[in-house]
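These are my notebook entries on a single structure, shown below. I set each term down beside the entry that uses it.

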Amino acid sequence: MARIYVGGPSGSGKTAACKLVAKKLGISCLTGSEIMMKAANVSSREELGQLPQETKNNLRLTAFEVYYKTTPNLIIDGHFYLTEADVKYFDAYVLVGLDTDSLIRFRNADNSRIRSNSKQDIENEVAQVINRVQEFESEFKVKVLKIENDSSLEGLANKVEGIYSSVMS
């Protein structure tokens, strides 16, 4: 049994890499948004965003725990919005890092979602993710493994798979 959490800025390749690993290994892979959309019975991130924050917080507590308890082999990717209740369910935490210019290239190549590609916005988002990770490590006394996306989806997937496999052993 192994569960890992892969986080990083949007557009860093984490979802695509996690889905490749999950398919190859025959395990479950979900994004935090997918779990929340199922729990809220909505079909899009936009609909999810319209819900009051208190509703999302309440849904989150129960929705995530259902997946944690019922899915022994799992990769979840998100943005390090984790709580104390989440921490006990993961065996490893991974931060996918990218330099700003690479992140701009990745986002320009991915038309699946509308998001800002301005250098300043991306630098701010990366800083926010790094801040959340530092707070997460400090508050919950866990270590987040940092990996770089070398601009290759396959390379990133191999790194995630290596971490997953090491947790399984």
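**Entry 1: terms and model**

I call a residue buried if its relative accessible area is under 20%, exposed if over 50%, and partly exposed in between (1.4 Å probe, protein chains only). I take helices (H or I, at least four residues) and strands (E, at least two) as DSSP runs, numbered from the N terminus. This is a predicted model, for which local features need pLDDT of at least 70 and side-chain atom pairs count only at pLDDT 80 or more, while totals for chains, interfaces and linings use all residues. Residues are numbered from 1 along each chain as its sequence is written, and side-chain values use heavy atoms, with hydrogens and water left out.

I looked up the confidence, given as pLDDT, the predictor's confidence in each residue from 0 to 100. The protein chain has an average pLDDT of 87, and 98% of the residues score at least 70. Confidence is highest in helix 1 (residues 14-25), at 94, and lowest in helix 5, at a mean of 78.

In what order do the strands of the open sheet stand? I read the order as 2-3-1-4-5, for 5 strands with parallel pairing. Strand 2 (28-31) and strand 5 each have a single partner strand and stand at the edges, so one side of each has no neighbour in the sheet. From one strand to the next, the twist averages 25 degrees. For such angles, axes are lines fitted to C-alpha atoms, for helices over the stretch in contact, and angles run from 0 to 180 degrees between N-to-C directions.

I note that strands of a sheet pair through backbone hydrogen bonds, either parallel or antiparallel. Two strands count as paired if DSSP finds at least two bridges between them.

**Entry 2: strand 3 and its partners**

I then looked at strand 3 (residues 73-78). Of its 6 residues, 5 are buried, so strand 3 is largely enclosed by the rest of the structure. Strand 3 pairs with strand 2 in the parallel sense over 4 bridges, and with strand 1 (residues 2-7), also in the parallel sense, over 6 bridges.

Is Val6 buried or exposed? Val6, in strand 1, has a relative accessible area of 0% and is buried. I list contacts as heavy atoms within 4.5 Å. Leaving aside neighbours within four places in sequence, Val6 is in contact with several residues, among them Cys18, Ile75, Val94 and Val160. Val6 and Ile76 are 70 residues apart along the chain, yet their C-alpha atoms are separated by 6.2 Å.

Ser28 lies in strand 2 and counts as partly exposed, at 31% relative accessibility. Not counting residues up to four places away in sequence, Ser28 touches Ala22, Thr71, Asn73, Leu74 and Ile75.

Thr71 is found in the loop between helix 4 (53-70) and strand 3. Thr71 counts as buried, at 11% relative accessibility. Apart from neighbours within four places in sequence, Thr71 is in contact with Arg3 and Ser28.

**Entry 3: helix 2**

In helix 2 (residues 32-40), I found Gly32, Ile35, Met36 and Met37 buried. Their cover includes strand 2, helix 3 (45-50), helix 4 and strand 3. Asn41 follows helix 2 and has a positive phi, near 60 degrees.

**Entry 4: helix 7**

How many residues does helix 7 have? Helix 7 (residues 119-140) has 22 residues and reaches 31 Å from its first C-alpha to its last, close to the expected 32 Å. The expected span is 1.5 Å times one less than the number of residues.

The buried residues of helix 7 include Ile122, Val126, Val129, Val133 and Phe136. Seen down the helix axis, the buried residues fall within an arc of 130 degrees, so they line one face of helix 7. The arc is that of the directions from the helix axis to the C-beta atoms. These buried residues pack against helix 5 (84-87), strand 4 (92-97), helix 6 (100-109) and strand 5 (144-148).

Helix 7 lies across strand 4 and strand 5, and runs at about 150 degrees to strand 5. Just after helix 7, Lys141 takes a positive phi of about 55 degrees.
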